[in-house]
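Please look over the sequence and the structure below.

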Amino acid sequence: MTGTPPPRIAFREVTKSFGPKEVLRGVTLDIPVGESMVIIGGSGTGKSVALKTVLGIIPHDGGTIEIDGVAVGRTRRDDFLSRFGMLFQGGALFDSLPVWQNVAFRLRQGRDRLSKSDARDLAIEKLRRVGLKADVADLFPAELSGGMQKRVGLARAIAAEPEIIFFDEPTTGLDPIMSGVINELIREIVVEMGATAMTITHDMSSVRAIADKVAMLHDGKIRWTGPVDQIETSGDPYMDQFLHGRAEGPIEAVR
Ligand SMILES: Nc1ncnc2c1ncn2[C@@H]1O[C@H](COP(=O)(O)OP(=O)(O)OP(=O)(O)O)[C@@H](O)[C@H]1O
């Protein structure tokens with residue numbers, strides 16, 4: 001039987017509480033293969049929790065999360081994690097390791113690990129891809145600007161050529177121009193790799209640059225989802241309030 005392939009990532013009625021606090025209250029969302037989905041929503045709405053449930057860093061309580069039709073948690077953890085790349089908020093580089101070892105970190109682990117010199121060559125190739133020169137390879141993260149650290153984080157996220165990449169607030173701490181540069185780079189790389197991307201952000205410039213589709217998380221559920229070119233005309237008062245940064249509207253401003 002032939003049919004449409006399952007979505008690369010599928011959330012079905014996913015729930016998660018911390019004690020009495022219900023954070024995810026039935027999240028349903030599909031991210032098809034090769035699509036870039038950006039999840040927006042106010043602070044504390046559970047965007048990071050949703051991302052961490054896919055990776056299994058936070059176990060969900062109810063519902064299912066599937067990758068290519070297979071429930072998260074059913075495959076070997078190493079095989080599973082090797083399919084993902086991740087750009088963490090703030091870069092999350094290892095301060096004690098030089099840049100190239102940060103980029104090549106995963107390539108030096110596990111059964112198929114690369115030799116030191118192959119890993120270094122590959123790290124330099126990936127650094128070039130994100131606009132950094134080879135001489136950055138031997139510097140330590142503390143010697144780099146915030147924008148350069150983001151580039152190194154991006155080089156690390158793509159080093160193992162993952163099928164799925166997560167971007168957690170990719171422009172936090174950057175000025176608007178550097179944010180624009182990083183957004184463009186993310187978009188270019190995701191398209192070039194054909195990767196499926198899930199990004200969480202508050203930054204509307206990231207949304208416009210990176211997204212094919214947008215999902216708005218509010219009150220533990222996906223309030224609205226649609227193509228990025230429809231966000232202005234969604235007709236959803238929650239989306240409108242968020243997009244225009246209004247204090248007045250259905251979203252409570254006092255939290
Ligand atoms: N490990 C945890 N233990 C207890 N509560 C948690 C944990 N992780 C997250 N939470 C709670 O879940 C809620 C959602 O947090 P989350 O970090 O997902 O929000 P967010 O939408 O990513 O916010 P922001 O945009 O500010 O980063 C918050 O109230 C937070 O306190």
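The model is predicted: local features need pLDDT of at least 70, side-chain atom pairs count only at pLDDT 80 or more, and totals for chains, interfaces and linings use all residues. Residues are numbered from 1 along each chain as its sequence is written.

Helices (H or I, at least four residues) and strands (E, at least two) are DSSP runs, numbered from the N terminus. Helix H6 covers residues 176–193, which is 18 residues. Its expected span is 1.5 Å times one less than that number. This gives 26 Å, and the end C-alpha atoms are 26 Å apart, which agrees.

Ser179, Ile182, Asn183, Ile186, Ile189 and Val190 are the buried residues of H6. They cover an arc of only 140° around the axis, so they sit on the same side of H6. The arc is taken from the directions from the helix axis to the C-beta atoms. Ile177, Glu184 and Glu192 are exposed on the other side. Buried means 20 or more other C-beta atoms within 10 Å of a residue's own; exposed means 12 or fewer; partly exposed lies in between; C-beta atoms are placed from the backbone.

The buried residues of H6 pack against these elements:

| Element | Residues |
|---|---|
| strand E3 | 36–40 |
| helix H5 | 146–159 |
| strand E7 | 164–168 |
| strand E8 | 196–200 |
| helix H7 | 204–210 |

Contact means C-beta atoms, placed from the backbone, within 7 Å. Just after H6, Gly194 has a positive phi of about 65°.

Four strands form an open, antiparallel sheet in the order E2-E1-E4-E5. E2 (21–31) and E5 (70–71) are the edge strands, each pairing on one side only. Pairing requires at least two DSSP bridges between two strands. Two bridges join E4 (residues 62–67) to E5. Glu66 has Ala71 in E5 as its bridge partner.

How values were computed:
Contact = placed C-beta atoms within 7 Å.
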